[in-house]
Amino acid sequence: MALVTVSNNSLTAVTAIPASIPTGALTLIKSITASSSASISFVDGTDGVVLDDTYSSYIFKFINIHPQNDARGFYVNFSIDGGSNYNVVKTTTCFLARLSEAGTGADLQYKTGEDLAQSTADQILNQEVGNGADESVSGSMQLFNPSSTTYVKHFISRTSGYEGNFSGEYDWHTAGYCNTTSAIDAVIFKFNSSNIDDGIIKMYGIK
Amino acid sequence: MGLTKLNNISVEDVTSIPVALGDMVLVSSATASASASVEFTLGDYKEYKFFFVNMHPSTTSFFQFNLSTDNGSNYNVVKTTTNFISYHNESGADSALAYNGGSDLAQETGDQRLGSLKTDNDANLGGTMQLFNPSSTTFVKHFITRTQNSNIPYSEEYYVAGYANTTSAVNKIIFRQASGNIDAGKILMYGIN
């Protein structure tokens with residue numbers, strides 16, 4: 001057994017701790033900061049990204065995602081070929097609650113035009129995000145068991161966005177499934193017709 | 001450099017080990033006991049997540065929160081929010097999913113409601129709240145909550161989302177009842193690395 005050495009307040013030889021000591025079930029896999037980026041993608045096996053059967057589900061956190069152009073939708077898509085194509089067939093639902101800063105437009109509505117029925121198109125996660133200096137969208141998306149070769153791949157997202165044209169809150173809910181039994185190995189996020197000017201997307205694995 | 005000592009089964013003075021310990025960190029927790037409010041100090045995590053466990057009021061009223069940009073001297077940050085609820089009566093007679101216009105805020109400084117609570121002994125509220133990047137001096141501060149409460153004889157689920165419309169850093173958060181004390185309950189605050 002290697003001797004554990006004490007080196008400036010760190011235990012340098014420790015590679016594992018007893019199972020009786022909790023280590024947490026949420027593991028940060030990758031954090032990417034946008035800077036006028038056309039998109040942000042997470043590809044299994046690339047730049048330290050793990051998107052396989054290591055974890056049973058994955059969570060993506062969106063922190064102040066800010067579009068370069070005003071009133072742009074924020075989208076997700078999935079790949080089964082390592083990011084060569086983001087065109088997985090999806091069936092989804094989406095609805096939102098909204099209220100403007102003027103106190104008008106209070107609403108809870110299903111967004112028929114933004115859901116997908118067996119479509120390969122990008123799926124919206126929030127609509128018309130503003131590009132004002134303090135405007136952005138934040139939230140999260142959970143993807144379940146992407147490496148399964150038995151089941152379709154479910155995902156659930158909820159985001160809070162500053163809507164540019166409406167000048168108010170869009171609480172946007174999206175859920176659905178990638179209708180494939182092939183393993184999902186890459187995920188991409190982007191705005192429509194706009195770069196991601198600023199923001200952080202973090203990817204976590206859930207044990 | 002302080003000498004690191006082996007102390008029975010603990011190792012004192014160790015500040016790091018080369019093993020991942022998880023990226024959801026319990027920053028603070030508070031157990032209410034006839035408490036007028038529960039407050040937490042916020043820092044630089046990009047996301048905070050709060051868990052509400054068995055929140056129970058002394059008076060029938062709304063459980064709510066507010067934010068401060070001056071270290072708790074004032075809880076009056078301007079907010080625009082949405083709220084919708086689903087509910088179902090224990091008798092099965094009444095259920096709905098609906099926008100809840102009475103509990104949203106449009107550029108208002110008042111507390112944001114997170115759920116309606118009764119004082120029945122077994123009535124309480126549970127749920128979570130995410131607060132994104134409160135220390136930013138660039139962006140407004142988004143938050144997302146989902147709570148389930150026993151507004152007896154109703155089961156109610158509250159969905160609240162919105163933003164604190166300030167580019168000042170938000171450095172304190174307060175939870176309290178609209179009337180009376182938080183009789184019991186626990187709030188846990190996690191920072192997400």
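In chain B of this predicted model, 75% of the contacts between residues at least 6 apart in sequence join residues at least 24 apart. The corresponding figure for chain A is 75%, here for residues 24 or more positions apart among contacts with a separation of 6 or more. Chain B contains zero helices and 14 strands, and its pattern along the sequence reads β-β-β-β-β-β-β-β-β-β-β-β-β-β. Chain A likewise has zero helices and 14 strands, with β-β-β-β-β-β-β-β-β-β-β-β-β-β as the order of elements from the N terminus on.

Burial and surface were computed for each chain. Of the 207 residues of chain A, 49% count as buried; for chain B, the value is 47% of 193 residues. The accessible surface of chain A amounts to about 8,400 Å², and carbon and sulfur atoms contribute 49% of that area. For chain B the accessible surface is about 8,100 Å², with 45% belonging to carbon and sulfur atoms. Along the principal axes, the C-alpha atoms of chain A fill a box of roughly 70 × 40 × 30 Å. Chain A carries 11 positive and 20 negative side chains, and a distance of 5 Å separates the centres of the two sets.

Over all chains, the search of the whole structure returns 25 aromatic pairs. One of these is formed by F95(A) and F84(B), whose rings are arranged edge-to-face, with 5.8 Å from centre to centre and 80° between the planes. This pair crosses between chains: F95(A) belongs to strand β7 (residues 90-100) of chain A, and F84(B) to strand β7 (residues 79-89) of chain B. The two partners fall into separate accessibility classes.

Neighbours within four places in sequence aside, D171(A) contacts F95(A), L96(A), A97(A), R158(A) and T159(A) in chain A, together with T82(B), F84(B) and A161(B) in chain B. The side chain of D171(A) also makes a polar contact of 3.2 Å with the side chain of H173(A). G139(A) stands 32 residues from D171(A) along the chain, and the C-alpha atoms of the two are separated by 9.5 Å.

A second polar side chain of chain A, that of Q127(A), was also examined. Q127(A) is located in strand β9 (residues 123-129). Its relative accessibility is 12%, so Q127(A) counts as buried. The side chains of Q127(A) and E114(A) are joined by a polar contact of 3.0 Å. Beyond residues up to four places away in sequence, Q127(A) touches E114(A) as well as R72(A), G73(A), K111(A), E163(A), Y170(A) and W172(A).

Several backbone features complete the description. E128(A) is likewise found in strand β9 of chain A and shows a positive phi near 50°, although this residue is not glycine. With a relative accessibility of 27%, E128(A) is classed as partly exposed. In chain B, a positive phi of about 50° is found at N54(B), also a residue other than glycine. N54(B) is part of strand β5 (residues 47-57) and is partly exposed, with a relative accessible area of 46%. P153(B) is situated in the loop between β11 (141-151) and β12 (154-164) of chain B.

Definitions and conventions
Residues numbered from 1 in each chain as written. Chains lettered and ligands numbered in written order. Heavy atoms only, no water. Contact = heavy atoms within 4.5 Å. Polar contact = N/O pair within 3.5 Å; in protein donor to acceptor, adjacent residues only side chain to side chain. Helix = DSSP H or I, 4+ residues; strand = E, 2+ residues; numbered from the N terminus. Buried < 20%, exposed > 50% of the residue type's maximum accessible area, 1.4 Å probe, protein only. Areas by Shrake-Rupley, 256 points an atom, 1.4 Å probe, with all protein chains shown as cover. Lys, Arg positive; Asp, Glu negative; His and termini not counted. Charge placed at Lys NZ, Arg CZ, Asp CG, Glu CD. Phe/Tyr/Trp six-rings, centres within 6.5 Å; stacked < 30°, edge-to-face > 60°.
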